[in-house]
Amino acid sequence: MAASLRQVVAGAWRQPERHLLALQCATRHSRWCLITSRTLYTAEYDPNEKTFEKLLIANRGEIACRVIKTCKKMGIKTVAIHSDVDSTAVHVKMADEAVCVGPAPTSKSYLNMDAIMEAIKKTRAQAVHPGYGFLSENKEFARRLASEGVTFIGPDTHAIQAMGDKIESKLLAKNAKVNTIPGFDGVVKDADEAVRIAREIGYPVMIKASAGGGGKGMRIAWDDEETREGFRFSSQEAASSFGDDRLLIEKFIDNPRHIEIQVLADKHDNALWLNERECSIQRRNQKVVEEAPSTFLDPDTRRAMGEQAVALAKAVKYSSAGTVEFLVDSKKNFYFLEMNTRLQVEHPITECITGLDLVQEMIRVAKGYPLRHKQADIPINGWAVECRVYAEDPYKSFGLPSIGRLSQYQEPLHVSNVRVDSGIQEGSDISIYYDPMISKLITYGSDRAEALQRMEEALDNYVIRGVTHNIALLREVIIHPRFVQGNISTKFLPDVYPDGFKGHKLTDLEKRELLAIATSLYVAEQLRSQQFLGSPRISLAKLDLNNWELSVQLGDGTYSVTVSNNGSTFSVEADGMKLNVTNEWNLASPLSSVTIDGTHRTIQCLSRDAAGNISIQFLGTVYKLRILTKLAAELSKYMPEKAVEDTTSILRSPMPGAVVAVSVKPGDLVSEGQEICVIEAMKMQNSLIAAKSGKVKAVHCKAGETVGEGDLLVELE
């Protein structure tokens, strides 16, 4: 038994032949955590256990790739669906078959039930895994599959309906003796009723979609005006994301933790709780960093939460993997938030600490097999951390979407104990039509400190070019003293960064290290440019190639730096301190491992030009420097400066997206803070306001149009 399990672990990490594209993608885009000292709980794949011959994945991106990987291990053929713009996507290449289900908009493709049902009939798929999002919690889809004799890899329609409706689920939770948040249990009819209910409950309140999830259709209101505005935006987002604009209102618990319990149940009245996941680091009610287990829970609280989660699952005769989410206050009182009747985005960290393959378990349960484990068998083995890597600008509201093509992409799989779940590759497009997630980056360690150290290393070694990403924010979160101490809540980001995220703040030593690295790179490139086919060029002027006097602009400061070189080592005097910088100086590599007086740093040189401008990703944050020789710096003082644009009189789109509404027309008078228009990106609506009072001079957009980041929308006189 032990030998076969060791083979399973080894097999999970064995690299496939490079010429096999499908297997290459499976390895590259969903690599397991290497978990030592595992025996009983490491996932096994019995080739003799019959499940399904062919399974269709009604999803896209990383979760489709994730499901395909397990299906390959179980010997199940897979069918991918895709929109026309996803025809060359990774999940399409990994699957055995692929069917186009419509154009790019989700309503015409991944939410197009008729087209998906036709694809199922065409390919004769026996089962459907919905992943998360899209149709994963749509009871009508599950019903249609059942009527055609196709197995839905998830719970039955009763559980989906009961738990998918936040109003009904709250009533069921109360009946199952699960702690619930005080609030209004009915459907809110209009904005006036929302205000009345909010006053009765007492501010602050949470307005959220009854059929919602994933942070969409949710708003916090602190007064009547915010309640009216929240009702409008939440109902619009709910209708757009879920086709259901019903809302509920409940008491907002200020400064809580968001901790969820993973449950797993079968059709034989067996149910388990697979420990917790800490998901408190959020922006706009969407999770950014998760970990398992939580630093906050003691064994008694963990057990109480787990038992209540299982009680709720049994109350609705739940059978599959599901997640019961709780809000936990500072005194460890916990309250039911919602139950997600699907595979959760952050499921990999549970797999790392328990050894279970949750996709495999879902498929086995759907086929009718009983669970193979008892509650006493479920361990907490080590620690796992997940960072959601998004194509977002973290300097804008902690992350507004970015679009573009991945011109260079390299996952940090050379770092030990790293798993990357992704559905993209070099050359992939990040578009406005779908979620901007690039990947889920997971690290595992024997304890939390080790898992966080590996995450820091993995983030430094992650190469993403072509789109703006949030690695700077992720890295700052995991090294922040409050996070390291476990002192977190759902308000962590606004508390720590009240004026918005500004990137890493360099210490004096780190600033000198950056200056030394940048100038060493500059000199290394200058020395290379002096070479011609391996020999020095003949210069008309005598040059001292061993000593360089440079002027460096970094932020608001200008620094004099002296550099001398001796082979691969540069001696740098920066800001009054001498440093020795050693590197192989491969200027073509996207990653550089630099040693500065014994300290190892992994940096990325993102760009450099002949004018001395250089961008370096250092400690997660991108810094822009300008390096000039002493003479060039003196002459640059005579160059005219570019006039700064007056942004108070214009409104530009802060992100790519679609214009939902325009509230003004030329000639209108507007006041500071008044809504001008609404932009929707990745199904999240963003209200854009006037920076000052004035008269509208021109409107350059209209509802229904697609705009890019920086596009001019409205001008004021």
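**Helix packing and charged pairs**

Q: Are H6 and H7 roughly parallel or roughly antiparallel to each other?
A: In this predicted model, local features need pLDDT of at least 70, side-chain atom pairs count only at pLDDT 80 or more, and totals for chains, interfaces and linings use all residues. Residues are numbered from 1 along each chain as its sequence is written, and side-chain values use heavy atoms, leaving out hydrogens and water. Helix H6 (residues 139–147) and helix H7 (residues 157–164), both DSSP runs of H or I with at least four residues, pack at about 175° with axes 9 Å apart. Angles over 145 degrees between N-to-C directions count as roughly antiparallel, so H6 and H7 are roughly antiparallel.

Q: Which residue pairs with Arg60 in a salt bridge?
A: A salt bridge here is a Lys or Arg side-chain nitrogen within 4 Å of an Asp or Glu carboxyl oxygen. Arg60 sits in the loop between strand E1 (54–57) and helix H3 (61–74), and its partner in the loop between strand E2 (77–83) and helix H4 (90–94), so the pair ties together parts 26 residues apart in sequence. At 2.7 Å, N to O, the partner is Asp86.

Q: Is Asp357 buried or exposed?
A: Asp357 forms a salt bridge with Arg66, their closest N and O atoms being 2.7 Å apart. Arg66, in helix H3, is 291 residues away from Asp357. Buried means under 20% relative accessible area, and exposed over 50%. At 0%, Asp357 is buried.

Q: How many salt bridges does the structure hold?
A: Beyond these pairs, Lys511 and Asp575 form one at 3.5 Å. A network links Glu260, Arg277, Lys287, Glu290, Glu325, Glu346 and Arg388. The total is 44.

Definitions and conventions. Axes fitted to C-alpha atoms, helices over the stretch in contact; angles between N-to-C directions. Helix = DSSP H or I, 4+ residues; strand = E, 2+ residues; numbered from the N terminus. Parallel < 35°, antiparallel > 145°, perpendicular 65-115°, else oblique. Buried < 20%, exposed > 50% of the residue type's maximum accessible area, 1.4 Å probe, protein only.
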